[in-house]
Amino acid sequence: MSEHGDGPRGERGTGHPGPDRVARLASDLQQRDVDALLVTAPVNVRYLTGFTGSHGLALIAREGAEGSPGQNRFFTDFRYATQSAEQLPEMYAREIVAGDMLEAVAATLRERGGRLGYDEAHLTVKAHRRLTALLGEGWELVGATGAVERLRAVKDPAEIASIRAAAQLADQALRETLELGIVGRTERDVAIELELRMRRLGADAPSFSSIVAAGSGGALPHAEPRAEAIPRDVLVTIDWGAEHEGYCSDCTRTFATGEQISAEAREVYELVLSAQERGLAAVRAGPTGREVDAVAREVIVSAGHGEHFGHGLGHGVGMEIHEGPRMSQTAGEEPLRAGHVVTVEPGVYIPGRLGVRIEDLVVVGDDSHEVLTSLPKALTDVS
Ligand code: ZN
Ligand code: ZN
């Protein structure tokens, strides 16, 4: 038995939503001096409540706060009456709303007054206007963006298990795809094959549209797979991931399609690999994302390729493919913490010629890290 009890909710892969996560929110709500938090983004609603439907709102009460509605509430419509009854922990009072959900939220709060936190990055201007009108003078709407995201960045063991399983099945799908050979097949065909195999192996979906980019196509960090045959003796970058139990994986490998690749291709590959290994070695709780980015970037800059590495070293991965923390020159001020799950993915892109990116998915530990990607990183010929 885990401390939150075992049950179907864990198997549905939202970890263990419930009292623990809401308790972790409490100090953040106190700091922001809000009495209640309105959670509108589906991914955050799912994280806090376990509800996997598309239409639901959560109202989190800050315990002891003056204007607090006293109980945590969940609002949805009749389509989700059965599903929400099955998925929600008892700590939420459930309301099946026939009309406007914002009206129902306001009706819960109207008797009181205080500060209501909301997600500025998600609530529309229209909904904000309506909520302001419905709540009247007693309530002040306060931006509380990032409160749930900050919690989500630190994963519990059940969440890490889901991400690990996603990474394993993505790795397996790639191995199976490569066994069929890729030279002569189109980038698009290889991407479709890979995504089909991930689904067959149990993925809910690909965690993003797979990238398969050969030769000069690899110079575009976010290349779309083309309907063009993959030639012999070039580099091919494949960036893919699986979504499993509501959690994402993310991995990139660059392969050679023959022994006759250019000396430049080999050189760039070895450079990116050494940057990746240096960056990876720096991943542990303590340094900021910016500091880890700098470790890997320094290797590429010293080799004269700084201008060819135009993106950050990595990003957090969880219920969303890109989430906190960021590891980059500009958005990496947060220290890494144990339980963060991040990618380490330096790349060098030489316009019109070639590109190399190597990406591992990593769990941050107190003194080190665990790599969830199982595929080798030495340059491999997959023709
Ligand atoms: Zn990736
Ligand atoms: Zn990535």
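**Metal sites and ring contacts**

Modeller: Donors of the zinc ion (ligand 1) are Asp 239 (OD), Asp 239 (OD), Asp 250 (OD) and Glu 359 (OE), at 2.0 to 2.7 Å from it. Donors here are N, O and S atoms within 2.8 Å of the metal (3.2 Å for Na, K and Ca); water is not among the atoms, so sites may look incomplete.

Biologist: What should I know about the model itself?

Modeller: It is predicted: local features need pLDDT of at least 70, side-chain atom pairs count only at pLDDT 80 or more, and totals for chains, interfaces and linings use all residues. Residues are numbered from 1 along each chain as its sequence is written, chains are lettered from A and ligands numbered from 1 in the order in which they are written, and side-chain values use heavy atoms, leaving out hydrogens and water.

Biologist: What are the angles at the zinc ion (ligand 1)?

Modeller: They run from 53 to 149° among its 4 donor atoms, and the site is irregular. Four donors count as tetrahedral if all angles lie between 85 and 135 degrees; four count as square planar and six as octahedral if opposite donors are over 155 degrees apart and all others between 65 and 115; anything else is irregular.

Biologist: And which residues hold the zinc ion (ligand 2)?

Modeller: Asp 250 (OD), His 315 (NE2), Glu 345 (OE) and Glu 359 (OE) are its protein donors, 2.1 to 2.2 Å away. Its site is irregular too, with angles of 78 to 150° among 4 donor atoms.

Biologist: How far apart are the two zinc ions?

Modeller: They lie 3.1 Å apart, bridged by Asp 250.

Biologist: Are Asp 239 and Asp 250 buried or exposed?

Modeller: Both are buried. Buried means under 20% relative accessible area, exposed over 50%, partly exposed in between (1.4 Å probe, protein chains only). Glu 359 is buried as well.

Biologist: Switching topic. How many aromatic pairs are there?

Modeller: The structure has 2. Rings of Phe, Tyr and Trp (its six-membered ring) pair if their centres lie within 6.5 Å; planes under 30 degrees apart count as stacked, over 60 as edge-to-face and the rest as tilted. Phe 51 and Tyr 80 have ring centres 5.3 Å apart and planes at 90°, so they are edge-to-face.

Biologist: Which residues make up the cluster?

Modeller: Phe 51, Phe 74 and Tyr 80, linked by ring pairs.

Biologist: Which ring does Arg 21 lie over?

Modeller: Arg 21 sits over the face of Tyr 47, 4.0 Å from the ring centre. The criterion is NZ of Lys or CZ of Arg within 6 Å of the ring centre and within 35 degrees of the ring normal.
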